[in-house]
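Please keep the sequence and the model at hand while reading.

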Amino acid sequence: AASPASAPPAPRRATIPLSPQDLHPTAPPPKRRPPARSPDAVSLTQLFPILSTGRELAHKAYLLPAGITILYVVLLFLAIGNAFAFNFLMATYLAGAAYYFIYQLCGKHKPWWIIAAMMGSTALLLVSPVLDLFIFVFHRLLPGDLSGTTTQTNPFILFFKMFFGAGLMEEVLKAVPILVALWLGTRLKAPWRQQVGVWEPLDGILLGAASAVGFSLMETLGVYVPATYKSAIAQMGADAAQLASLQLLIPRVLGLVAGHMAYSGYLGYFIGLSMLRRRQRKLILGVGLLTAASLHTLWNAAGMINPVFLAVIGSVSYAFLGAAILKARSLSPTRSQNFATRFLQRPGP
């Protein structure tokens with residue numbers, strides 16, 4: 001018998017090369033790479049940006065203020081030739097722009113209807129018997145009668161009379177609707193109490209500035225502009241009278257941020273602060289009222305003494321308001337929801 005060592009070798013099987021599909025039968029086919037885009041290629045959203053950014057317009061592109069501006073432009077064109085309508089539209093637009101600026105600085109949402117109600121309430125006070133009561137108290141009972149004052153009056157006497165007859169009286173008058181809103185907020189239930197009431201300094205600033213807008217519009221459109229128009233039309237004609245009215249209206253309303261809004265917004269800060277620090281309410285309200293009335297008086301007196309001082313007093317008044325807004329934002333219980341505050345995240349260790 002043949003030994004195993006001498007046995008013939010077994011025949012070799014033919015080997016067939018295997019493909020990648022045979023080695024990995026479940027593997028998907030290789031993906032085709034899209035052709036490289038040329039750096040000069042332009043996409044559809046680049047050609048028509050509104051297709052990709054339309055949802056962000058209302059929040060990041062000031063779409064609503066721009067739309068209101070366009071509306072006012074059209075209305076102003078239509079009002080050409082009607083002096084009253086043109087003056088009213090111009091005054092309300094400038095006052096609205098000034099208030100919007102303060103609103104953005106405050107960064108707290110407040111319903112538009114409470115802001116409009118604050119403006120309207122203060123304007124109505126100026127044409128109601130309440131104004132006569134204030135005049136009696138501050139001009140008759142207190143030494144605020146300004147009927148005999150002129151530019152030649154002693155500056156100290158002028159300031160003293162201005163303080164009671166203009167500064168203190170007008171700031172108390174503008175504060176009445178704010179105090180009413182504060183009282184209503186303590187009586188209403190949620191969510192009305194948060195929307196109407198004054199619970200923090202930012203609420204007081206927003207409502208105080210709104211009250212100042214109503215006061216200034218009524219004072220400007222109801223007293224100063226008609227008086228200027230009436231005196232100018234008899235001397236120079238209707239066209240010149242309208243020009244003189246606009247020359248008075250524009251700076252009076254445009255200067256709201258350094259005038260009535262600054263004083264009333266500053267006082268509103270203290271009204272709101274008194275709700276956070278209730279045990280010190282009398283001290284807080286006293287300091288706020290005296291400071292706001294003093295700034296108001298300085299502005300009025302500077303205009304009668306030397307108009308150059310108006311720029312200084314206006315800058316100081318706005319600085320007081322700006323400082324109050326910044327402090328109010330830092331004290332706000334709802335600071336995390338403030339859209340004017342930017343929080344920076346510190347890097348980790």
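Helices here are DSSP runs of H or I with at least four residues, and strands are runs of E with at least two, numbered from the N terminus. The model is predicted, so local features need pLDDT of at least 70 and side-chain atom pairs count only at pLDDT 80 or more, while totals for chains, interfaces and linings use all residues. Residues are numbered from 1 along each chain as its sequence is written, and side-chain values use heavy atoms, with hydrogens and water left out.

**Nonpolar surface patch**

- Trp 112 lies in helix α7 and counts as exposed at 67% relative accessibility, where exposed means over 50% relative accessible area, buried under 20%, and partly exposed in between (1.4 Å probe, protein chains only).
- Together with Trp 113, Val 180, Trp 183, Leu 184, Leu 188 and Trp 192, Trp 112 forms a nonpolar patch on the surface with about 750 Å² of accessible area, an area that comes from the Shrake-Rupley method with a 1.4 Å probe and only the protein chains shown as cover.
- Such a patch is made of residues with over 30% relative accessible area and no salt bridge, nonpolar side chains (Val, Leu, Ile, Met, Phe, Trp, Tyr) being joined within 5 Å and like charges within 9 Å; a salt bridge is a side-chain nitrogen of Lys or Arg within 4 Å of a carboxyl oxygen of Asp or Glu.
- The largest share of the patch, three residues, comes from α9.

**Glu 200**

- Glu 200 lies in the loop between α10 (192–196) and α11 (201–236), and because its relative accessible area is 2%, Glu 200 is buried.
- The side chain of Glu 200 makes a polar contact with the side chain of Thr 334 at 3.3 Å, a polar contact being a pair of N or O atoms within 3.5 Å in which, within protein, one must be able to donate a hydrogen and the other to accept it, and residues adjacent in sequence count only if both atoms are side-chain atoms.

**Aromatic pairs**

- Rings of Phe, Tyr and Trp (its six-membered ring) pair if their centres lie within 6.5 Å, with planes under 30 degrees apart counted as stacked, over 60 as edge-to-face and the rest as tilted; by this rule the count comes to 12 aromatic pairs.
- Phe 101 and Tyr 318 form a stacked pair, 6.4 Å centre to centre with 25° between the planes.
- Because Phe 101 lies in helix α6 and Tyr 318 in helix α15, this pair ties together parts that are 217 residues apart in sequence.
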